[in-house]
Amino acid sequence: MSSASERSSFLIGAGAPLTLRGVRKSFGAKTILKDVDLHVAAGQYLAIIGRSGCGKSTLLRLIAGLDEPSAGKIEVAGASEGRASHTRIMFQEPRLLPWARVDGNVAIGLGPAADHAQALNRSRDALATVGLVDRAGEWPSVLSGGQKQRVALARALVSAPRILALDEPLGALDALTRIEMQRLLEQVWMSNGFTAILVTHDVTEAVALADRIVLIDHGAIAADIPVALPRPRQRGSTDFAHVEATILERLLTPIN
Amino acid sequence: MPAIILLAWQASASLGWMSDTVMPSPYAVAAAAWRLTLSGELPQNLGVSALRALAGLAVGGAIGLTLGLLNGLSRLSFSVTDTSVQMIRNVPHLALIPLVIVWFGIDEGAKLFIVALGVFFPIYVNTLHGVRSVDSQLIEMAGSYGFRGWLLFRRVILPGALPSIFVGLRFALGVMWLTLIFAETIAAQSGIGYMAMQAREFMQTDVIVLSILLYALLGKGADSLVKALERWRLAWHPAFQAQR
């Protein structure tokens, strides 16, 4: 076994299956999500796409345990209790603490109870998987946008989550950094085996990364499309373009 | 810059442009400092003033910091106390001196009270503002990793509020010296302000100027101390990284 795979082996937490049954979310009189049923197999890479305000981010916040559903059940590995401890979320913004060094920020991912010295060690391992171990002692303010988001990824991965929720984490990055980050996300997903739930409005990104794409419209699942392209995916290929065109078509067609 | 001013000052005194009774030469001021140091008067008054300033800052600062944090974190505490605090804040605290003299006489309690009251407000207002302006996205992030209560406060809220608290502290230091000078010149039997008022009785302008200079030095010293503290505790802040 090479030293690189040994280093990352601690991060492997087998993916957990995720089940939503009749999940509804309302704020006051406004219903954002209407009775969503969804099953995601362990280790699957699911992309959730939809127009702005369709409820996709709300759905992800429910999955990550940041909000509670108004009705219905969310089960991780068959249990609705303690789902937040299996799930980590990566936000659109890096949300790094400016007053903690890079390794200290990653150590946040292990929670408040972690032993300090051990936490810093594991942080360095997680930083190695995102290629930033040599920046461990820096302040976040000197990093670029892409680097900050990689630190946020290391923070999400350090506790070996069984589900990783991604809320448009690449939305604020420039085109090149974005493609680099997509490759990194695919790579860590393949080596760690967690279940990935990616919310995005970028169809190309969804087709490049996901096993399956769920389309949300007006708070309900409007389409559920498997993506059977082999990995690594060639963005320029005809198959890729075909899947992309099909999904765009569905997005642009208003339902009834 | 201070050196040039000092030279011009000495020159104008030596050349007789300014009378000694109006403005003594720097040499005369230095001589007065030396004389008073030897007699023990200067160290004693300096010590008394510094102690009053620090005690007032400690008491007023501690109350301001505590109430600021409390009101920043708790809606209930804020709605109960903030209106009253803002009303009292709009009364110039020096206007209370006559009342304070009636309450405490002219002993140490009066000075302590008035300095503490003066430093309380800038620290309170800035601490409250600091706690309120901590990025709610960071709080949500830390919450999603299980940080709650004291740990959330220590890792996220307090460090986030710290730059603002330091601004409050620097304002408070200015208020602290101002209040102390005022209190010491009208109601005291020791301290630098008292020393200056005594000297006025005997037209000792050199001692008066010395007192003023001492306040300037003390104020500058306190400010430098806070600056050093900021550089140490806010090393993460881009504003301090640029300076290095």
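This is a predicted model: local features need pLDDT of at least 70, side-chain atom pairs count only at pLDDT 80 or more; totals for chains, interfaces and linings use all residues.

Me: Which residues have the most contacts inside the largest nonpolar core?

Reply: The largest nonpolar core has 73 residues. Its largest share, six residues, comes from helix 6 (residues 145–157) of chain A. The residues with the most contacts inside this core are I48(A), A154(A) and I197(A).

Me: How many residues are in the other core, the one with L112(B) and F113(B)?

Reply: That core lies apart from the largest one. Among its residues are L112(B), F113(B), A183(B) and A187(B). The core has 32 residues.

Me: Which residues is I197(A) in contact with, leaving aside neighbours within four places in sequence?

Reply: I197(A) is one of the residues with the most contacts inside the largest core. Leaving aside its neighbours within four places in sequence, its contacts are V40(A), L46(A), I48(A), L60(A), I63(A), I163(A), A165(A) and L166(A).

Me: What is the angle at which helix 3 and helix 9 of chain B pack?

Reply: Helix 3 (residues 41–73) of chain B has its axis 8 Å from that of helix 9 of chain B. N45(B), L46(B) and S49(B) of helix 3 make the contact with I192(B), Y194(B) and M195(B) of helix 9. These residues divide into four nonpolar, two polar and no charged. The two helices pack at an angle of about 135°.

Me: How do the residues on the side of chain A that touches chain B divide into nonpolar, polar and charged?

Reply: The contact takes 15 residues from chain A and 15 residues from chain B. On the side of chain A, they divide into ten nonpolar, three polar and two charged.

Me: Does A220(A) count as buried, exposed or partly exposed, and which is it?

Reply: A220(A) lies in strand 9 (residues 220–226) of chain A. Leaving aside its neighbours within four places in sequence, A220(A) is in contact with K34(A) and V36(A). Because A220(A) has 15 C-beta neighbours inside 10 Å, it counts as partly exposed.

Technical notes: Residues are numbered from 1 along each chain as its sequence is written. Chains are lettered from A and ligands numbered from 1 in the order in which they are written. A nonpolar core is a set of buried Ala, Val, Leu, Ile, Met, Phe, Trp, Tyr and Cys residues joined through C-beta atoms within 7 Å. A residue is buried if 20 or more other C-beta atoms lie within 10 Å of its own, exposed if 12 or fewer, and partly exposed in between; C-beta atoms are placed from the backbone. Helices (H or I, at least four residues) and strands (E, at least two) are DSSP runs, numbered from the N terminus. Two residues are in contact if their C-beta atoms, placed from the backbone, lie within 7 Å. Ala, Val, Leu, Ile, Met, Phe, Trp, Tyr, Cys and Pro count as nonpolar, Asp, Glu, Lys and Arg as charged, and the others, Gly among them, as polar. Axes are lines fitted to C-alpha atoms, for helices over the stretch in contact, and angles run from 0 to 180 degrees between N-to-C directions.
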